[in-house]
Amino acid sequence: MLYLVLIRIVCFMLVLFLYFLCCIFCSELIFHVVCFRALSVSFVFFALFFSVIYAVVSTFLVCIFRKEKIRLFIFRILLLFIAIIFVAELVYYQIYNSVFSFSAIVFVGALKDGYDKIILTIFKNLYFIVLLFLPFIFS
């Protein structure tokens, strides 16, 4: 009987890991294709490697809690966080032609001047932004 419980837990973790892996890897591919207009084999392996790492960490963060409601909440928060990061990267790259870094957060005051440019960039890339939010929407 115990082995059935363990099999159920392992299957849950595997499905969760694969979902996070697909979400992060697809988000990386969408971002790379939209921003750089190309895809290389080396990038795919690089993105897959880091997607596996982020998926393992995300799966661990969800699975450390026992209650299903808390797991679902953490799962959805992580998916929202992933989507927001990729959308912020996409918009930032489209405006500044540079990859978003956390040191750029210091220059948030400069956003007041380019607010209309940010809104325009969001509307121009709305299709890709919706694609990046799909894992969160359907979770």
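Does N97 count as buried or exposed? At 60% relative accessibility, N97 counts as exposed, where exposed means over 50% relative accessible area, buried under 20% and partly exposed in between (1.4 Å probe, protein chains only).

## The model at a glance

A quick word on ground rules. This is a predicted model, in which local features need pLDDT of at least 70 and side-chain atom pairs count only at pLDDT 80 or more, while totals for chains, interfaces and linings use all residues. Residues are numbered from 1 along each chain as its sequence is written, and side-chain values use heavy atoms, with hydrogens and water left out.

The protein has five helices and zero strands, counted as DSSP runs numbered from the N terminus (helices are H or I, at least four residues; strands are E, at least two). Read from the N terminus, that gives α-α-α-α-α. Its C-alpha atoms fill a box of roughly 60 × 35 × 25 Å along the principal axes. Of the 139 residues, 29% are buried. The accessible surface is about 9800 Å², and 76% of that belongs to carbon and sulfur atoms; areas come from the Shrake-Rupley method with a 1.4 Å probe, and for residues only the protein chains shown count as cover.

## Helix 3 and its two partners

Take helix 1 (residues 2–36) to start with. Helix 1 and helix 3 pack at about 10°, with axes 10 Å apart; axes here are lines fitted to C-alpha atoms, for helices over the stretch in contact, and angles run from 0 to 180 degrees between N-to-C directions. The pair is therefore roughly parallel, since angles under 35 degrees count as roughly parallel, over 145 as roughly antiparallel, 65 to 115 as roughly perpendicular and the rest as oblique. Residues from helix 1 that meet helix 3 include F12, L16, Y19 and F20, contact meaning heavy atoms within 4.5 Å.

Helix 2 and helix 3 (residues 68–96) pack at about 150°, with axes 8 Å apart, so these two are roughly antiparallel. On the helix 2 side the meeting residues are S58, L61, V62 and C63; on the helix 3 side they are R71, I74, F75 and L78.

S27 sits in helix 1 and is buried at 5% relative accessible area. Leaving out residues up to four places away in sequence, S27 touches F86 and L132.

C35 is in helix 1 too, buried at 10% relative accessible area. The C-alpha atoms of C35 and Y115 are separated by 20 Å, and the two are 80 residues apart along the chain.

## A nonpolar patch

F46, F49, F50, I53, Y54, V57, F60, L61, I64, F65 and I70 make a nonpolar surface patch of about 1000 Å². Patch residues have over 30% relative accessible area and no salt bridge, with like charges joined within 9 Å and nonpolar side chains (Val, Leu, Ile, Met, Phe, Trp, Tyr) within 5 Å; a salt bridge is a side-chain nitrogen of Lys or Arg within 4 Å of a carboxyl oxygen of Asp or Glu. Helix 2 (residues 41–63) gives the most to the patch, with eight residues. Y54 belongs to helix 2 and is partly exposed, at 45% relative accessible area.

## Positive phi in the loops

R37 lies in the loop between helix 1 and helix 2. Its phi is near 55°, a positive value in a residue other than glycine, and R37 is exposed at 65% relative accessible area.

Back to N97, which is in the loop between helix 3 and helix 4 (115–124). Phi of N97 is near 50°, again positive in a residue other than glycine.
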